[in-house]
Amino acid sequence: MDDTTAHAALRRYRVEDAPLLRGAGRFVADAALPGQAYGVFVRSPHAHAVVTGIDAAAALAVPGVLGVFTADDMAAAGIGTLAAHMPMQGATGPLVMPFRPSLAATAMHAGEPVALVVAETALAAQDAADLVVVDYAERPAVVDVQRAAMRGAPQLWPEAPGNLALDWQFPTAAEGGDPAAVDAAIAAAAHVARVGHVNQRIMVASMEPRGATASYDAATDSYLLRVCTQGARPIRDHMARILGIDPGKLRVITEDVGGAFGMKSSPYPEYPALCVAAKRLGRPVHWMSTRSEAFLTDAHARDSILEGELAVDADGRFTALRLRSLVNLGAYVGQVAAFLATINFARCVPGMYTIPRVDIGVRCVFSNTTPTAPYRGAGRPEANYVIERLVDEAARLTGIAPDEIRRRNLVPAEAIPYRTPVGTVFDSGIFPAVFERALALADYAGRDARKAEARARGTLRGVGLSCMVEHAGGVPTEGAGLLFPGDGTVVLALGAQATGQGHATIFPRVLSEKLGVPLEKIRYSGGDSDNGVISNSSVASRTTSAAGAALVKAVAVVLEKGRKIAADALETAEADIVYAAGDFSIAGTDRRLSLFEVADIAAQKKAAGASEDDLDTRVATDTPQNFPNGCHVAEVEIDPQTGGLTLVRYTAVDDCGVVLDHVLVEGQLHGALAQGLGQAVMERAVYDLDSGQLVTGSFQDYAMPRATDMPPVVSAEENTVATTNPLGVKGVGEAGTTGALAAVMNAIADAIPTPAGQRMDMPATPEKIWAACRGMVER
């Protein structure tokens, strides 16, 4: 089978698309419950202020208003902190994790909720919320990460002197680290490339903002929370901790989700408040975020200042790398925010390259801004960005071409499996082949001719390279369930939540192949914390490898149980039973029972007390990380008279392991690429430095990429099989974002080979590009 035929065989329609295109999806706002009331949150207009009083009398007088809830009500209900982060140790002590309330008595960022108004209708709740009078005592605020880290900055938390949440170093002496060796290598190097870049704060802007509906059953003393999440079970567990109840007293249901990208993986302050209101009022309470609320309260991303030094010997070989990062956590510690800024960041070092010595330091700082959280890439784009900008700077310093200096330093194919200086082990990959194929597809050799042709037309053309290795997998534990309801079908139950990735398309197909039963005999079930499946969020490009491994294990357990039952029913030894094409049979005979017949027999035996088990199976397994990698090449053309930039072509060659569906792979690549391009050239969240107000609080102020901004994309695969999971797959959802940032910015620097062009920070707006071109025009 040639490549074209093989790709065609793996290009099938997504089963999710038809109902979504027909408007038959079930998002949070589509699942109204009987007797549902509506909530609207009153939010602080100040970045830092103590709530000194709340007068809700006028609001309560509005017809249809059922109640107004404040921080006092949350305290009376025993609501705990939303903050929950793995313990981390830094040079000055453990990670500082202040209490994060559901409704605030002291607002720590603009938009933080201070009260909840509930009414019979959404309109009545909004009218009443406008009448709630909140008295504030303002405090000094700081929103910029550099200012927050300065001596004399406003102090946010008494337990975090200097607003420092964590001062993290890798490797430490206990881990065998030797920063002095990096110092010595840099001091002895023939060349030292140095860069300093801002990785700006950005917003997720998912198509569906956050929303939730909470209800309470007094008879069972239990809650139901319908909410858009990236995993119903982990949200249930966190919410149970916050509410102070047993997890069995809370059921979380997530159906269709209109985009998430990491932002919907954690609980938010609104959710416990809705639960308290539902219990007090004895009826469901629904809230749906407006887009304005989403800008203020959906977790933001990135926001770091990155500095790097790369030591290069006389032959152009990399000998040591030092990275420093100053990270803005926002007002509180997000669920994994410090982990992403430190460990997730460090695991990407040293990229595709053989750099024997590394020294990484990260300082995480509080500010009066919306807390940050995972966003597509979650530390990987930041690390790859600074490394690839350093490599281009090394090429300029040494006079070695950008492609050649990379070629000299790539981890060779024969070195795989390769252990990096930070301890990760690349189990598979052929980095040089990926690199060379990307250059060939991008016609890198012809770039000078295209640049000359552009100059003749009065424009500037540039080509940028970006090599990248990611670590995919994240939290290792994931479960799967295979359930036999007795109607000739099998239910595939997963906890990993789909937010657009195509889970209902790909996992039943894998199960069909593993069990040898038709697709129409398989029903997919997900998004319910009560399905008994242990699971974690759909983050970190982990789901296909982790849930896929659990699915394979579940199949093995089902078949092991089925052989015993079939052997008993067919009156033969278990060793004589073989399984193929959906049937258990006695080897060498035509005596057989279908999988579903065996399932029925097992269920009958269990019901009769003759057996303790049936074929229903739920398992969990731990799956090691895998390491997707690739090379991206961006080509830009710039009008020096206007600063206008056009992405004229983009080439991406990725190693994503075994491909289960090319449509899904291409969709993930293109979607991630759009998000990467958005950050590179237009997206930036801006706060007013004096007031702490969010300036980019709407789509009039916050630029987003459109279809016309997307370049023609040439994508290809140079895949090697991952050895860390039974399907051989690697993550693919974050490759486009991780590769795009440096590819685009290196292309701009190539087009504008002046200090202003080479040092430009994202986003590369027309204003910045025009200013950087002044030197080019004047020459």
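Which residues in α16 meet which residues in α17? Before the answer, a word on the model: it is predicted, so local features need pLDDT of at least 70 and side-chain atom pairs count only at pLDDT 80 or more, while totals for chains, interfaces and linings use all residues. Residues are numbered from 1 along each chain as its sequence is written, and side-chain values use heavy atoms, with hydrogens and water left out.

From α16, His 503, Phe 507, Val 510, Leu 511, Lys 514 and Leu 515 meet Thr 543, Thr 544, Ala 547, Gly 548, Leu 551, Val 552, Val 555 and Leu 559 of α17 (contact means heavy atoms within 4.5 Å; helices are DSSP runs of H or I with at least four residues, strands runs of E with at least two, numbered from the N terminus). These contact residues divide into nine nonpolar, four polar and one charged, where Ala, Val, Leu, Ile, Met, Phe, Trp, Tyr, Cys and Pro count as nonpolar, Asp, Glu, Lys and Arg as charged, and the others, Gly among them, as polar.

Now for the geometry. Helix α16 (residues 503–515) packs against helix α17 (residues 543–570) at about 35°, their axes lying 10 Å apart; axes are lines fitted to C-alpha atoms, for helices over the stretch in contact, and angles run from 0 to 180 degrees between N-to-C directions.

Let us move to the sheet. Four strands form an open sheet in the order β23-β22-β21-β27, with mixed pairing (strands pair if DSSP finds at least two bridges between them). β23 (522–525) and β27 (617–622) stand at the edges with a single partner strand each, so one side of each has no neighbour in the sheet. From one strand to the next, the twist averages 20°. Helix α17 packs on this sheet as well, touching β21, β22 and β27, and its direction makes about 135° with that of β27.
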